Amino acid sequence: MSGERKALSLRITGRVQGVGYRAWLAGQSGAAGLDGWVRNRRDGSVEALLSGPAGAVDRVAAACRRGPSMALVDRVQATEAEPPDHPGFGQWPTL
């Protein structure tokens, strides 16, 4: 069980841009040892890919429902995904 890995694609909506959400999620993911990325979308949402040990992915995904202190998260949609092609966690440009 400890070797189980997973990847989730997240779409986070609410007041999640202009409140440090991307930097917060990058910090949470890096501290948890996850691979993936986070970026803003032009529709006002935040999109992320989290990949790594299943327990760590689940913990960070659950934390996304709260976000940083200035965020007001309305919804987090999570779907299974393929892991990224690169190690580490990065902030990507807005799409």
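Trainee: Quick one before we start, what is a nonpolar core here?
Mentor: A set of buried Ala, Val, Leu, Ile, Met, Phe, Trp, Tyr and Cys residues joined through side-chain atoms within 4.5 Å. Buried means under 20% relative accessible area with a 1.4 Å probe, protein chains only (exposed is over 50%, partly exposed in between). This is a predicted model, where local features need pLDDT of at least 70 and side-chain atom pairs count only at pLDDT 80 or more, while totals for chains, interfaces and linings use all residues. Residues are numbered from 1 along each chain as its sequence is written, and side-chain values use heavy atoms, leaving out hydrogens and water.

Trainee: Which residues touch the most other members of the largest core?
Mentor: Leu-10, Ile-12, Tyr-21, Leu-25, Leu-50 and Cys-64, out of 24 residues. Helix 2 (54-63) gives the largest share, five residues. Helices (H or I, at least four residues) and strands (E, at least two) are DSSP runs, numbered from the N terminus.

Trainee: And what does Tyr-21 touch?
Mentor: Leaving aside residues up to four places away in sequence, its contacts (heavy atoms within 4.5 Å) include Ile-12, Val-46, Cys-64 and Pro-68.

Trainee: Switching to the sheet, what's the strand order?
Mentor: 4-1-3-2-5, an open sheet of five strands with mixed pairing. Strands 4 and 5 each have a single partner strand, so one side of each lacks a neighbour in the sheet. Pairing takes at least two DSSP bridges between two strands.

Trainee: How many bridges join strands 1 and 3?
Mentor: Eight, in the antiparallel sense. Ala-7, for one, has Ser-51 in strand 3 as its bridge partner.
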